[in-house]
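Subject: Structure handover

Hi there,

Here is the structure I promised to pass on to you. Please open it alongside this email and read the two together.

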Amino acid sequence: MYTLKEAMNIYLGNVSEQWNGQICCLDTDAEMTYRTNETQGNIFCYSFTLVLRGSLTLIYGGSRLTFQPDDLYIYSPGLTVTILSVSDDYQGICLLADEGITLSLPVVHTLVRQASFPIVDVGEPRVTLPNGTARQMETHMRQMMQCQQSDHLFKTEMMQTLYSAFLLDLLSARQRLAVSPHFSPRINDIFTSFMRLLPQFFIEHHDIPFYAAKLNITPIYLSRIVRQVTGRTVLAYINQYLLMEAAFLLRTTDLTVAQIADRLHFADAASFTKFFTRLKGISPRDYRKR
């Protein structure tokens with residue numbers, strides 16, 4: 001799948017070699033928003049898009065959603081998104097952050113344990129913000145844009161600090177609006193740990209017991225927690241990552257179907273083809289042709 005830096009090269013063209021590929025903030029318009037269809041579902045990053053003007057309509061996790069000014073659209077890695085329409089006058093500001101950086105921030109770890117931080121909740125991608133809160137979130141994002149263009153000696157640390165402040169404001173807004181369920185710190189800790197393990201091991205390990213053993217819990221307990229937090233199954237998450245990687249390899253490499261099956265640790269090409277066709281609705285070979 002794409003790294004954030006690879007995705008930004010698709011969106012913008014040439015990206016500075018000096019950029020570490022961790023956090024980026026930029027203004028967006030209709031043309032750039034449509035361009036994200038090339039990478040959505042194939043990129044390891046979180047994105048937060050604040051609509052400033054116009055409207056945006058998309059399919060997220062099978063649901064059709066329309067975003068208006070002061071709506072914040074939150075994209076979580078692992079779900080397929082399709083941009084359907086963007087108004088000609090659309091303007092937004094978008095913050096993109098590498099998944100690993102996001103989940104490793106001390107503030108995220110603390111908030112997940114203590115306040116049921118909703119960044120791990122993939123079920124609700126839209127938050128309608130009061131105007132004052134929206135302007136405050138925009139201010140954080142503008143500050144990040146200024147920082148990423150500066151020659152600050154501690155730019156990486158500054159960007160992470162500003163990103164942490166943004167996430168704190170997002171948590172505050174979601175809790176005021178009561179848009180996220182609350183779970184015990186242990187449940188959130190286990191779920192977040194599972195989400196951190198998944199990008200590291202999904203290629204080699206397609207089975208629930210592996211992840212449960214890593215977390216020192218039973219497979220049944222892990223399955224129960226994931227379903228409780230998101231309404232999805234552990235296998236749904238594993239399969240989604242496998243499907244994203246398979247589609248990425250079919251689109252960007254000349255590897256044969258058999259070679260991709262081997263790389264993704266399927267028993268053989270036939271089982272990989274059956275898996276891909278069942279989830280994508282089209283065979284790997286036909287997907288590559290299209």
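Below are my notes on confidence, strands, helix contacts and a few single residues.

First, the ground rules. This is a predicted model, in which local features need pLDDT of at least 70 and side-chain atom pairs count only at pLDDT 80 or more, while totals for chains, interfaces and linings use all residues. Residues are numbered from 1 along each chain as its sequence is written, and side-chain values use heavy atoms, with hydrogens and water left out.

**Confidence**

The pLDDT (the predictor's confidence in each residue, from 0 to 100) averages 84 over the chain, and 88% of the residues score at least 70. Helices and strands here are DSSP runs, numbered from the N terminus, with helices being H or I over at least four residues and strands being E over at least two. In the chain, helix α8 has the highest confidence, at 96, and helix α4 (residues 106–115) the lowest, at a mean of 56.

**Strands**

Let me start with strand β5 (residues 71–75), where 5 of 5 residues are buried. I use buried for under 20% relative accessible area, exposed for over 50% and partly exposed for in between, with a 1.4 Å probe and protein chains only. The cover is on both faces of β5: D71, Y73 and Y75 point to one side, L72 and I74 to the other, and all are buried.

β5 also has strand partners, where pairing requires that DSSP finds at least two bridges between two strands. With strand β2 (residues 45–53), β5 pairs in the antiparallel sense over 4 bridges, and T49 is found opposite Y73 of β5. Strand β8 (residues 126–128) also runs antiparallel to β5, joined to it by 3 bridges; here D71 has T128 in β8 as its bridge partner.

There is also an open sheet of 3 strands, in the order β4-β3-β6, with antiparallel pairing. β4 (63–67) and β6 (81–86) are its edge strands and have a single partner each, so one side of each is left without a neighbour in the sheet. On average, neighbouring strands of this sheet are turned by 20° against each other, direction ignored. Within it, strand β3 (residues 56–60) and β4 form an antiparallel pair over 5 bridges, in which T57 is partnered by T66 of β4.

**Helix contacts**

Two helix pairs are worth a look. The axes are lines fitted to C-alpha atoms, for helices over the stretch in contact, with angles from 0 to 180 degrees between N-to-C directions. The axes of helix α7 (residues 185–201) and α9 come within 10 Å and cross at roughly 100°. α7 and α9 are therefore roughly perpendicular (65 to 115 degrees) to each other. From α7, R186, I187, I190, F191 and F194 meet Y221, L222, I225, V226, Q228, V229 and T230 in α9. By class, this contact of α7 with α9 has 9 nonpolar, 2 polar and 1 charged residues; Ala, Val, Leu, Ile, Met, Phe, Trp, Tyr, Cys and Pro count as nonpolar, Asp, Glu, Lys and Arg as charged, and the others, Gly among them, as polar.

For helix α10 (residues 234–252) and α12, the axes come within 11 Å and cross at roughly 105°, so these two are roughly perpendicular to each other. N239, L242, L243, A246, A247 and L250 of α10 make the contact with F272, F275, F276, R278, L279 and K280 of α12. Its residues divide into 9 nonpolar, 1 polar and 2 charged.

**Single residues**

Most residues other than glycine have a negative phi. N216, in the loop between α8 (208–214) and α9 (219–230), has a positive phi near 60° and counts as exposed at 70% relative accessibility. H265, in the loop between α11 (257–263) and α12 (269–280), has a positive phi of about 65° and counts as partly exposed at 46%.

Lastly, D169 lies in helix α6 (residues 155–177) and counts as buried at 17% relative accessibility. D169 touches Q136, M137 and H140, not counting residues up to four places away in sequence. D169 and Q136 are 33 residues apart in sequence and 8.2 Å apart in space, C-alpha to C-alpha.

Best wishes

Technical notes
Parallel < 35°, antiparallel > 145°, perpendicular 65-115°, else oblique. Contact = heavy atoms within 4.5 Å.
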